[in-house]
Amino acid sequence: MSEKMLKYIIKRILASIATIIGIIFLINLFIELAPGDPGRLILGMNASPEQVQILNHSLGYDQPFLKRFFEYIIGVFTRLDLGTSYKYGVSVWEKICSRIPTTFIVAVTTVVIDSILSVFLGIVCVKNKDSKIDAVISTVAGFTSAIPSYWLGVVLLLIFCFKLRFFSVYDMGNSVAGYVLPVATVVIITFGPLVKKTRAVLLDVMNQDYIRTARALGEGEWSIIWKYAMKNALLPIITIIGYGFTGLMGGTLIIEQVFSLMGIGTLMLIAIQTRDVPLVCGITVVISAIFCLVQLLVDVLYIIFDPRLAVKIEK
């Protein structure tokens, strides 16, 4: 790795850290401006003001906002300390680590299936441009992307758990079979835009001069698509996949609620409802770090697939 490339990566990491700090500040500010306090929410409405005050003091919530914010930032970046959950009384790291595998499994499995399915269907559409097959795939892709996730999840539960009894509602998230319906739900509602993007990018690439030259030299259509078109169409597809993965890591709340999955989305909802500031900030830090890491990985893949970008960076 060259010195300029290393400097570029370091700059991206520093920019990511600044972004995470800004997000944490906004999250803390919104929670601070919201009515109520953690002591009252934890102890309930029947607790006396003295009990609430004592609990808030023990949690450090009676300290000035900026002091709490800077102490938290110092703890995160010097000791990787995300604090202790107000509600659960355990380390935020421990609570996140117990929930994030569920969301991670759903997100990774969905992205892998989406990628394979969308690339295959996008190629089929391009190979059969303006045919009935192209029209059917494009129509299905547009229709599925408009289906509400909560409605589709409930329908799949009713059909496959209660009607056909292929799956048990008690296995959701507890076995391999328990992830089939949640993943299927997310795949159905997310693969459509990726299919459309793949089709559009491939059609644009297939109209380039070098593709016409390859045809003139006698290359077969499938060979042209795989050897020439896909290599140049991968960059925008990689970007969509990267954003899709980070979106799923932080946006599976509805699916988790429908299928009773104990994932990071459900944990975030509980943390917000109870004003569990350390837990809310901890989840935000982890999701933001994953987002920044994925975007950095996407940039590195860009350089790998398009060496011209590496030349620009070197300059």
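## The largest pocket

Helix α4 supplies the largest share of the lining of the largest pocket, namely 6 residues. In this predicted model, the pocket has a volume of about 360 Å³. Among the 18 residues that line the pocket, Leu59, Arg68, Tyr72, Tyr86 and Pro278 are the closest to its centre, and the elements that give two or more residues to the lining are α4 (65–79) and α13 (277–305).

## Arg68, a residue of the lining

Arg68, one of the residues closest to the centre of the largest pocket, is found in helix α4. With a relative accessible area of 15%, Arg68 is buried, because buried means under 20% relative accessible area.

A polar atom of the Arg68 side chain lies 3.0 Å from the backbone oxygen of Gln63. When residues up to four places away in sequence are not counted, Arg68 touches Glu32, Gly60, Tyr61 and Gln63.

## The cysteines

A disulfide is a covalent bond between the sulfur atoms of two cysteines, and the structure holds 0 disulfides. For Cys292, the closest cysteine sulfur is that of Cys281, and the distance of 16 Å is too far for a bond, because a disulfide needs the two sulfur atoms within 2.5 Å.

Cys292 counts as buried at 13% relative accessibility, and Cys161 also counts as buried, at 6% relative accessibility.

Terms used:
Residues numbered from 1 in each chain as written. Predicted model: local features only at pLDDT ≥ 70, side-chain atom pairs only at ≥ 80, totals over all residues. Heavy atoms only, no water. 1 Å grid on protein atoms, 1.4 Å probe; cavity = no way out; pocket = protein on both sides within 12 Å on 5 of 7 lines; lining within 4 Å. Points joined across faces, edges and corners; volume = space filled by probe spheres on them. Helix = DSSP H or I, 4+ residues; strand = E, 2+ residues; numbered from the N terminus. Buried < 20%, exposed > 50% of the residue type's maximum accessible area, 1.4 Å probe, protein only. Polar contact = N/O pair within 3.5 Å; in protein donor to acceptor, adjacent residues only side chain to side chain. Contact = heavy atoms within 4.5 Å.
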